[in-house]
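Please read these comments with the coordinates open beside you, and take each point in turn.

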Amino acid sequence: MSPGERKLVIAIDGPAGAGKSTLASRLARKLGYTNIESGAMYRALALKAIEEDVSFDDEPALLELAQNSKIQLQPRIDGNRVLLDTQDVSDRIRQPDVTAAASRVSVHPKVREWM
């Protein structure tokens, strides 16, 4: 980004299952933007915490887990494909246990700052 150039950020908020990801994906594609789906990123981190048996209440351990993880979002028509350490976890992160865990992981200020 050159000096004086501004970036536009569009935030979409709403309840689970409302179609936020689909809308964001289509809007980003139409406008030529990148869809940064933070919810999917929190879900990916929560999944890794489940797999590594890291407590959802242990902020330092979650932050370390985040810093040692690679979360990639790859645009597709129906929302982002989510890779966690090169593994496609797009479907797994939408399951109820991961959804519940993501809510607990996302409350930590240092984790939020890293995201």
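This is a predicted model: local features need pLDDT of at least 70, side-chain atom pairs count only at pLDDT 80 or more; totals for chains, interfaces and linings use all residues.

1. A buried arginine. R43 is found in helix α2, which spans residues 38–52, and R43 is buried without having a salt bridge. The nearest side chain of opposite charge is that of E37, at 6.3 Å, and this distance does not count as a salt bridge because the cut-off is within 4 Å. The side chain of R43 does, however, reach the backbone oxygen of I93 at 3.0 Å. Leaving aside neighbours within four places in sequence, R43 is in contact with I93, R94, V98, T99 and A102.

2. The buried side of α4. Which residues of helix α4 (residues 96–105) are buried? They include V98, A101, A102 and V105, and these residues lie on the same side of α4 because they cover an arc of only 105° around the axis. In an α-helix there are 3.6 residues a turn, so residues three or four places apart point the same way. The buried residues of α4 pack against α2, α3 (59–67) and α5 (109–114).

3. The structure holds five salt bridges, and one of them joins the side chains of R94 and E37, at 2.8 Å from N to O. R94 lies in the loop between β3 and α4, while E37 lies in the loop between α1 (20–31) and α2, so the pair ties together parts that are 57 residues apart in sequence. R94 counts as partly exposed at 38% relative accessibility, whereas E37 counts as buried at 8%. In another salt bridge, the closest N and O atoms of D85 and K48 are 2.6 Å apart; this pair links the loop between β2 and β3, where D85 lies, to helix α2, which holds K48, across 37 residues. Here D85 counts as partly exposed at 32% relative accessibility, and K48 counts as buried at 9%.

4. A further salt bridge. R92 forms a salt bridge with D97, with the closest N and O atoms 2.8 Å apart. R92 is partly exposed, with a relative accessible area of 27%, and D97 is also partly exposed, with a value of 38%.

5. Positive phi values. Most residues other than glycine have a negative phi. T86 has a positive phi near 75°, lies in the loop between β2 (81–84) and β3 (87–88), and is exposed at 63% relative accessible area.

How values were computed:
Residues are numbered from 1 along each chain as its sequence is written. Side-chain values use heavy atoms; hydrogens and water are left out. Helices (H or I, at least four residues) and strands (E, at least two) are DSSP runs, numbered from the N terminus. Buried means under 20% relative accessible area, exposed over 50%, partly exposed in between (1.4 Å probe, protein chains only). Lys and Arg count as positive and Asp and Glu as negative; His and the chain ends are not counted. A polar contact is a pair of N or O atoms within 3.5 Å; within protein, one must be able to donate a hydrogen and the other to accept it, and residues adjacent in sequence count only if both atoms are side-chain atoms. Contact means heavy atoms within 4.5 Å. The arc is that of the directions from the helix axis to the C-beta atoms.
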